[in-house]
Each structure stands twice: as structure tokens, then as C-alpha cells.
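Please keep the 3D view open as you read.

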Amino acid sequence: MSASRFPTAPDAPLLSVNGISCSFGGVRAVVDVSFSAPAGQITGLIGPNGAGKSTTLGIVTGAIRPATGTIHFAGRDVTKLPSYRRARVGMIRTFQMRGEFDRLTVLENLLVAAPEQLGERIRNVYSIRRTWRHQQRELVEQARELLGRFGIASHENVYAAELSGGQRRLMELARALMAKPRLLLLDEPMAGVSPAIRGELAEHLLEVANSGIAIVLVEHELQFVENVCGHVLVLAQGRVIGEGKMSALREQAAVLDAYLTG
Amino acid sequence: MSAAWQFYIATLIVFGFVYIIAAAGLNLQFGLTGVYNFAFIIFEAAGAYCTAVLSLGSPRAFGGFQSYILGLHLPFPLPLLASAMVAGALGVGLGALTVRRLRADYLAIVMLVISLIATGLVTDYQGVFNGAAGLSLIPQPFASLTSSSIVYDWLFVLVAGVICALVLLAARLMIESPLGRSLRAVRENENAAAALGKNVTALRLLVFGVGGAMAGISGSLLASFTQAWSPSSWFYTETFVLFTALIVGGAGSNLGPVVGAVLVPVVLAEGSRYLPQFGPPTLVPSLEWIAIGVILLAFLWFWPRGIVPEPKRTFPAEPVPRPLVPQRTRGVLVRDLEGERGPGR
């Protein structure tokens with residue numbers, strides 16, 4: 001996959017979303033939304049319920065097809081690519097709810113995400129067994145290292161369904177990193193996470209961004225957004241009504257009206 | 001042991017192998033990938049029909065008392081291999097029409113309807129399938145090797161056993177590979193699997209093809225052994241027998257299809273023969289279906305993982321050995337296999 005990952009011009013944003021719109025029946029869920037996400041930075045999408053944040057994320061990841069607009073990733077138009085092909089070029093998402101493989105262990109959840117697995121091709125299952133088993137041993141070590149980094153190494157043989165809400169978030173983030181992403185799209189990463197784990201998760205995200213990975217996250221927890229996001233977009237009724245630093249957005253009347261004061 | 005008893009036991013064993021192979025195919029689709037293929041039996045029927053028309057000679061040779069196509073009179077194992085390919089191709093074809101657009105529950109409904117349509121079509125299409133009468137006098141594949149019917153039966157048991165073992169080995173290698181893990185991921189959460197780069201449609205088509213091919217092998221063996229093929233033998237209810245076998249045995253595990261296929265279609269169904277006759281003449285045969293239904297419900301309710309549940313797959317802590325030098329495998333360098341190709345990644 002590395003060969004097929006598109007190179008990026010030094011100053012170009014990794015992700016560039018231009019004028020995307022989407023309607024469900026008569027409801028205009030997303031209207032002419034544009035934004036970009038540079039590598040190594042965390043971009044936040046905030047807004048009241050029904051603002052179109054998750055729909056925007058769904059369009060960027062390929063789960064929802066936009067009526068208009070384009071999405072460029074590393075200089076290539078990915079608007080018409082299905083979800084799995086976007087993931088293969090490095091656009092990895094997490095889910096607001098139920099993103100785990102319940103009856104796979106935590107370690108297996110991570111192994112599924114590893115790209116370029118030789119043993120996933122049926123011909124190789126029967127022909128080059130020794131080679132893919134060797135590759136699998138290396139992947140197991142990588143996965144264990146990630147689990148250790150996220151503090152859930154002792155849970156590697158636990159079914160994902162048996163994890164707590166916070167542990168699931170940590171596992172999902174570790175799994176996303178196992179997929180070797182260039183862009184992480186996180187849908188409410190703090191949902192269901194206990195206050196004890198929130199700080200830990202924020203630190204992990206900053207660490208991931210510092211390694212050069214672009215992050216776009218949808219979140220309701222404004223203090224968390226202020227702490228980790230360099231750039232924030234405010235959505236209301238499907239439109240972008242403000243963007244910039246969170247501290248500056250708190251002063252904008254339109255943002256206050258639509259969101260911050262409820 | 002009398003010849004009659006030997007024939008009876010050999011028949012039971014062959015039927016056991018036939019059901020085990022079919023259950024192994026369904027296990028790849030339903031147990032591993034979560035595909036509710038309620039038309040599974042038609043792939044078995046397609047394999048059986050393919051073997052029949054490839055093994056039989058020209059329709060005119062028997063005075064034209066039955067109508068069918070081809071009549072190539074091919075020797076074993078060509079009809080068996082062709083049956084696997086035809087049923088596998090049918091699986092991919094039907095899968096391509098359905099899995100791309102339909103969610104699991106709607107797919108189940110559509111496949112059930114396809115099964116009903118197929119049975120109706122075959123029964124009414126006299127020229128190709130010989131209608132409800134089906135086909136008979138299918139040649140025995142190893143008849144030239146022995147003149148003794150008892151020896152022939154045990155020879156068939158041996159060959160069926162070897163084929164069954166090979167199918168189970170192929171299924172096991174697939175289940176325990178990274179491909180099997182990706183299939184289980186699709187079963188658990190198809191959206192999350194797609195978001196990690198898995199081509200869910202291609203993976204489902206793959207199991208439609210492989211599971212269909214196994215069903216074809218199963219049907220081929222049955223047609224060769226019984227020397228007959230009839231549409232009434234492949235009604236949609238047979239699919240539910242296999243689903244019950246899989247749920248009782250343990251869907252997703254390697255041994256589950258074996259245990260379920262032996263317990264449900266062989267022991268339970270055959271056991272009902274030994275019930276004393278009571279009530280109306282149709283009561284005892286009906287009890288067999290009632291028992292299968294009750295057992296299915298009981299297992300779903302109290303024992304949903306089955307007798308041999310899918311095992312938790314863990315990995316031993318071990319040091320990583322020295323990297324392998326890229327090696328040539330069938331003319332393709334290992335590093336050439338990497339990339340964005342294939343149903344997984």
C-alpha cells in the first residue's frame with residue numbers, strides 16, 4: 001500500500017474538502033461545507049446536535065455519497081472512492097458507537113487493521129503459509145507494542161465486547177494506528193469515556209498528531225476540543241458558521257447564538 | 001455382519017460425509033462471515049445435477065425416457081471437479097446479484113425466494129431437468145473396480161472420507177488464516193471492516209464461491225452414491241436442516257459442522273425411523289421436523305454458541321525469528337504480492 005499512498009506537496013493540506021452538500025429527503029444535512037486538514041494538526045468539528053458533523057465525517061470517509069463537492073486527499077480526488085479504498089490510502093476512521101469487532105479479541109481487533117497482510121489472499125492461505133505466518137508474528141509484536149503504549153496490554157486476549165467504554169476508545173485508537181494512517185477521522189472519541197481516561201486519551205491524540213498524522217475529530221466536549229485542536233470549525237444546520245481557534249470562536253456572536261449558549 | 005447391514009451402515013457414513021462437507025461450506029458463509037444464505041441447498045443441487053449430466057451418457061442411450069443436457073459420460077473425478085466449479089461459479093453469480101445491494105437480513109429473504117423459484121423452475125422445466133421425476137441411472141464412479149456391491153459401497157465410503165477430510169482441511173486453513181480473521185471481522189461489523197480497508201463485497205463473494213463449491217462437492221458425492229437426482233430432494237427445508245446442524249454443532253468453529261452434521265441430519269433424522277408407529281401415518285415423519293425445529297429454538301435460546309463453540313484465538317508470546325529472504329513462490333516474488341489487490345488488503 002505504501003507505494004499507492006499519494007505523495008503530498010510540502011505545504012498542501014493533506015485533506016481538502018470543497019463545497020460538499022448532502023440531503024436526506026427534504027432535509028439538507030450538509031450545505032456547501034469546505035475545510036482542510038494539514039498533516040500533524042488536529043482539526044475539530046463542533047456544533048449542536050443535528051448540525052451535520054457526523055454526516056460530514058461520513059462523507060469524508062466514503063460512507064455517505066455527497067450530492068455536490070469534492071474531497072481531495074494528498075492531492076488526489078477521492079470523492080468517488082468507496083470507504084475501503086479510502087482506508088487503503090491512509091484515511092482511517094473511528095466510530096461514535098459500536099466500532100469494535102465484538103467476538104474478536106483485542107489483539108485480533110488490531111491485527112485485522114494491519115495493511116498488506118499476505119495471508120488475506122486466498123491463494124496465499126494455501127501456498128505461502130510460512131511467509132504469511134512470519135509476517136503475522138511481526139504484526140502481533142507491533143500490535144502488542146501499541147496495546148502497551150495505550151495501557152491495555154493486559155487485555156489482549158479479552159473479547160472486545162467485554163471492554164469498558166474508555167478501554168474501547170483506547171483500543172479503537174490503537175487499532176486505527178495499526179492501520180498506518182495518514183489521516184485519522186474520529187467521531188466523538190470522548191463519548192462514554194470516564195474522566196480518568198479523558199486526559200490520557202487527549203495526550204495520546206497530541207502524540208499521534210506530533211508524529212505527523214492529520215486528525216479530524218467531531219466532539220461535543222468543548223474543553224477537550226480547546227485543549228487539543230489547533231483549528232476548529234463550527235457547524236450549524238449543515239453550514240460552517242465559524243472557524244478558527246476555539247478561544248476566538250467563543251467570542252463570535254453567530255457561534256454563541258447557534259451553539260455555545262444553546 | 002449381513003450385507004444389508006453393511007449397506008445400511010455404509011450409506012449412513014456416506015450421508016454423514018455429504019452433510020459434513022455441506023455444513024463446512026455453510027460454516028464459511030454463515031458461521032465465519034455472517035452471510036445468511038437461505039438458498040444454500042440449490043448449490044448442492046447444482047453440483048448434483050452437474051455430476052448427473054456429466055456422468056450419464058447420451059439421453060438417447062436409454063431410449064429417451066429422461067431428458068437432460070450434455071450426457072458426456074465423463075469418468076471420475078471430472079464430474080466432481082466440474083460440480084465444484086459450477087456450484088462455486090453459481091455462488092459467485094448469485095452473490096454478485098445480491099450481496100452488493102442487500103443488508104444481511106434482506107439478503108436472507110432474497111436467497112430464500114431464489115431457492116423457492118429455483119425449485120419451481122427445475123420442477124417445471126422438463127427439457128433440461130426432466131421435471132419432477134428428476135434423473136436416475138447415474139453411473140457409479142468406481143463400478144469398474146469391483147463387481148461386489150459391498151466392496152463398492154465401502155470403497156465409496158473411503159473416497160468420500162478422503163474428500164471430506166480434504167474439504168475440512170481447506171476450510172480449517174482458511175478459518176485460521178488472516179483471511180478468516182477478516183471474514184469474522186465482516187461478520188461482526190461490516191462498516192468497521194470497510195473503514196479498515198476490507199472490501200466487504202469481495203470477501204462475501206469469496207465465501208459465496210468457496211462455500212458454493214463445497215456444496216457442489218457434497219451434492220456430487222450424493223448423486224454419485226444414490227445414482228439419482230430429484231428436485232424434491234433439494235427443497236428449501238434442507239437448508240434449514242444444515243443451519244440447525246451448524247447452530248447445534250457450533251457455528252464458526254472447525255469441529256462444529258462435523259458434530260452438527262452427525263447429530264442432526266444423521267443421528268436425529270435416522271433415529272426417527274426407529275420410533276414406534278403411532279397416531280396417523282404422517283405423524284412420525286412430521287415429528288422429525290418438529291424435533292429439528294424445537295432443537296434449533298432450544299439451542300438459539302440456551303446454547304447459541306453450540307456444542308463446540310468458536311474458540312477464542314490467542315497468540316503465544318514468542319520472539320520474532322530472523323526475517324525471511326524474499327523467496328520465489330510459483331514464479332511470483334513475495335514482495336510482488338503486496339499492494340492494494342485482493343479481497344482483503
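Two strands count as paired if DSSP finds at least two bridges between them. Strands (E, at least two residues) and helices (H or I, at least four) are DSSP runs, numbered from the N terminus. The model is predicted: local features need pLDDT of at least 70, side-chain atom pairs count only at pLDDT 80 or more, and totals for chains, interfaces and linings use all residues. Residues are numbered from 1 along each chain as its sequence is written, with chains lettered from A and ligands numbered from 1 in the order in which they are written.

**The sheet in chain A**

Chain A has an open sheet of four strands in the order E2-E1-E4-E5, paired antiparallel. Strand E2 (27-37) and strand E5 (76-77) of chain A each have a single partner strand and stand at the edges, so one side of each lacks a neighbour in the sheet. Helix H1 (residues 53-61) of chain A packs on this sheet and touches E1, E2 and E4 of chain A. The direction of H1 makes about 65° with that of E2(A); axes are lines fitted to C-alpha atoms, for helices over the stretch in contact, and angles run from 0 to 180 degrees between N-to-C directions.

Two of the pairings are set out here.

E1(A) and E2(A) form a hairpin with two residues between them, and A:Gly25 in the turn has a positive phi of about 65°. On the E4(A) side, A:Ser16 has A:His72 as its bridge partner.

**Domains of chain A**

Chain A splits into domain 1 (10-99 + 175-260) and domain 2 (101-162), with bounds from an automatic or database domain assignment. Their centres, taken over C-alpha atoms, are 28 Å apart. Six residues of domain 1 are in contact with nine residues of domain 2 in chain A, where contact means that C-beta atoms, placed from the backbone, lie within 7 Å. Helix H6 (residues 165-178) of chain A gives the largest share of the domain 1 side, three residues.

**Where the chains meet**

The contact between the chains takes 47 residues from chain A and 38 residues from chain B. On the side of chain B that touches chain A, H7(B) gives the most, with seven residues.

Note on methods: Contact = placed C-beta atoms within 7 Å.
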